[in-house]
Amino acid sequence: MNNQARISKVKIATCSLAGCFGCHTSLLDIDERLFDLLGMVEFDRSPFTDIKHCGPCDIGIVEGGVSNAENARVLREFRDNCKVLVAIGPCAITGNVPALRNNIDLWDCFQEVYLYDPGTEGNQIPNDPELPLPFDKVYPIYEVVKVDYFLNGCPPSPDAIWNFLTDLIEGRKPEIDYKLLRYD
Amino acid sequence: MPSELETAANPANLKRVVIEPVTRVEGHGKVTLLLDEDNRVHQARFHIVEFRGFEKFVQGRPYTEVPVLVQRLCGICPVSHNLAASKAMDVIVGATPPPPADKLRRLMHMGQMLQSHALHFFHLSSPDLLFGFDADVGKRNIAGLAAGFPDIARQGVALRKFGQEVIRVTSGKRVHGTGVIPGGMSRNLSRDDRDYLLKDIDQVVQWSLGAVKLIEAIFSKQPEFHNGFGSYRSSFMSLVRDDGAMDLYHGGLRAVDEQGQTIFDHVDYRQYSDYIHEEVKSWSYMKFPFIRSQGREAGWYRVGPLARVNNCDFIPTPLADAERRTFKEFGGGSARHATLAFHWARMIEMLHSAEAIQELLQDDDLLSDDLVHVGERQLQGVGVIEAPRGTLIHDYHINEDEQIVRANLIVATTHNNQAMNEAIRRVALQYLDGKELTEGLLNYIEVAIRAFDPCLSCATHAIGKMPLEVELMDAEGKMVQRLLKDSDGQYRT
Ligand code: SF4
């Protein structure tokens, strides 16, 4: 690959906040089309590369909601750097399963997990400056930054992701066929 | 082994280096190092920084819903959570699933093992092993692999695809499917789907064998380096079948110490909490399990492919068992302890999974309609399975209204918590101590973590002595939430 080709490639960044990684798994489920994708795009920050901070990108894809201060920081970094920001999967769109803790007191959650008896020892809740501050609720990402597109499905099907991305990369307004969307 | 470097004696004047996020792993983790002026390492910690609280929010949900809900712990190994929870729910509905359902679940599980191991080896870790740990950052990823080793990359993608297809035809969906239900399965395998899988399975077995040979060749090129990298001796724990065979779906717990002596064997996993406890440390959301009889300090152990290949007496499929013997011979005939030997063991398991799928596809039971058993309702159920990353424990109590009242989950990656910390501390002493830290050198730390294939989403289960305050603003700059944490650890909004 020469430098010219590299410069003209579309840059994509992806991240997983409070999600399960299933949306990223579904992205890989495009199977051999991954090689076609790699011909069209260059991955910036993503769990699949060792780039730790998001640089200027064309497309940012965010899986998962915002459950702590670090999630909020990463999300802002994505918004500041990505021309188009996509919320992928209901965790990013609504909070989904992680948000089931939203009507429970966070302290009760901690106590249940870390003081579980019998079997848990130490009698403490993790509490260290290196651990990001958890929010008492899990927020959909649109409540924190402006989101350009929402791609639904838990996870969205590989075909939906493929069609969506190729539309965006080739400069079309993404249209997902109804049959490709599923909400289970 | 003493856990040196866990806590620096005088952290105040040390400089902090952080690797955040740890990449090419699933989920969220970070590493912090504390160094003095001469770059001597005084502290190295691997932190799990996310908290989910599944154990709390499943309370009150109907038990039938839980296997589908807990899959959302992890999108790479959802089948493991689905199956461990379903095995617990089998106990709750008082029934052993009929043989066809058991075989369908095993098929699904083997598909999961295959795809997860392929993903980890090819997409995530192989760039380190093929290009070098400190290769250019732009190369150390799947795109680099596709450019530098296109055949290996294509095989990796194809292997993963096949495993995902096995999951799809047995559960309805590649990620978060719904085929498994308490007491059995809701669907069988169609004849067409079986033929579809049979078409490719021989090739999949051959490619898997090729992957074992590849990692063996990588080791053989520099045996001392690969054996020594971030290495130490430890105990191992895994499930084994009654006859000592590797069994990734069901069995009794076996733990062996670092000298190869049995600590316990064929333990009924429902009694897990008599054998394993977990310690909470302030600096990670992931707990630190230990074997009770060995104590909190010395009782840590490793799980996952390395533990399983070391612990089992044999692997019940021929090609994988031959590779297991080669693996042992490479280490002089006894258990292998090298951190990077995890990769080798993982590929042996991938081969075993492919062979097991090949064998299962010959079985007409997969097409049977005898899929569910139901018996007398129980109020507690424990389900344990060997997930791709190691022993996975789900434990549920329900009430008379069929709602969950308590849940305890010990996920595979959690068992390896202390072991991963030990590995990064070894690497820090071996390669970083006293050196000018470069991006490439820091990747050595991540290489050690990656060997475990940690699933940090699964493992996510507060801050500082000073009161802390965080404000969350919305897109327009309006405050959504303000959160305070007091020095007594209480949160206030
Ligand atoms: S939307 Fe579904 S698949 Fe995606 S991260 Fe959330 S739970 Fe996982």
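This is a predicted model: local features need pLDDT of at least 70, side-chain atom pairs count only at pLDDT 80 or more; totals for chains, interfaces and linings use all residues.
Figure 1. B:I410 belongs to strand 14 (residues 404-410) of chain B. Its contacts, leaving aside neighbours within four places in sequence, are B:Y272, B:E278, B:T391, B:L392, B:I393 and B:H415. One of these, B:T391, is 19 residues away along the chain, and its C-alpha atom is separated from that of B:I410 by 8.3 Å.

Figure 2. Helix 13 covers residues 341-360 of chain B. Not counting residues up to four places away in sequence, B:L351 touches B:V205, B:S208, B:L209, B:V212, B:L319, B:A320 and B:E323. B:S208 and B:L351 are 143 residues apart in sequence, while their C-alpha atoms are 5.0 Å apart in space.

**Figure 3. Packing of helix 12 against helix 13 in chain B.** The axes of helix 12 (residues 318-330) and helix 13 of chain B come within 8 Å and cross at roughly 165°. Helix 12 of chain B is therefore roughly antiparallel to helix 13 of chain B, since angles over 145 degrees are classed that way. The crossing of these two helices is left-handed. On the side of helix 12 of chain B, the contact involves B:P318, B:L319, B:A320, B:E323, B:R324, B:F327 and B:F330. Helix 13 of chain B contributes B:A341, B:W344, B:A345, B:I348, B:L351, B:H352 and B:E355. By class, the residues of this contact are 10 nonpolar, 1 polar and 3 charged.

**Figure 4. Packing of helix 3 against helix 7 in chain A.** Helix 3 (residues 33-40) and helix 7 (residues 158-169) of chain A pack at an angle of about 20°, and their axes are 12 Å apart. Helix 3 and helix 7 of chain A are therefore roughly parallel to each other, because angles under 35 degrees fall in that class. The two helices of chain A pass each other in a left-handed crossing. From helix 3 of chain A, the residues in contact are A:R33, A:D36, A:L37 and A:M40. They meet A:P158, A:D159, A:W162, A:L165, A:T166 and A:I169 of helix 7 of chain A. The contact of helix 3 with helix 7 of chain A has 6 nonpolar, 1 polar and 3 charged residues.

Figure 5. Helix 16 spans residues 439-451 of chain B. Its 13 residues should span 18 Å at 1.5 Å a residue, and the end C-alpha atoms are 19 Å apart, which agrees. The helix is largely enclosed by the rest of the structure, because 12 of its 13 residues are buried. Among the buried residues are B:L441, B:L442, B:I445, B:V447 and B:I449, together with B:N443, B:E446 and B:R450. The buried residues of helix 16 pack against strand 1 (15-19), strand 2 (29-35), strand 3 (41-48), helix 4 (99-131), helix 13 and helix 15 (417-432) of chain B. B:D453, which follows helix 16 of chain B, has a positive phi near 50°.

**Figure 6. Cis peptide bonds in loops of chains A and B.** In chain A, the peptide bond joining A:C154 and A:P155 is cis, with omega about -5°. A:P155 sits in the loop between strand 8 (149-151) and helix 7 of chain A. In chain B, the bond from B:E20 to B:P21 is cis, and its omega is near -10°. The loop that holds B:P21 lies between strand 1 and strand 2 of chain B.

Figure 7. A:N123, a residue other than glycine, has a positive phi near 50°. A:N123 is in the loop between strand 6 (120-121) and strand 7 (134-139) of chain A. With a relative accessible area of 68%, A:N123 is exposed. B:N39, which is not a glycine, has a positive phi of about 65°. B:N39 is in the loop between strand 2 and strand 3 of chain B, and is buried with a relative accessible area of 8%.

Key: Residues are numbered from 1 along each chain as its sequence is written. Chains are lettered from A and ligands numbered from 1 in the order in which they are written. Side-chain values use heavy atoms; hydrogens and water are left out. Helices (H or I, at least four residues) and strands (E, at least two) are DSSP runs, numbered from the N terminus. The expected span of a helix is 1.5 Å times one less than its number of residues. Axes are lines fitted to C-alpha atoms, for helices over the stretch in contact, and angles run from 0 to 180 degrees between N-to-C directions. Angles under 35 degrees count as roughly parallel, over 145 as roughly antiparallel, 65 to 115 as roughly perpendicular and the rest as oblique. A crossing is left-handed if the near helix is turned anticlockwise from the far one by less than a right angle, and right-handed if clockwise. Contact means heavy atoms within 4.5 Å. Ala, Val, Leu, Ile, Met, Phe, Trp, Tyr, Cys and Pro count as nonpolar, Asp, Glu, Lys and Arg as charged, and the others, Gly among them, as polar. Buried means under 20% relative accessible area, exposed over 50%, partly exposed in between (1.4 Å probe, protein chains only).
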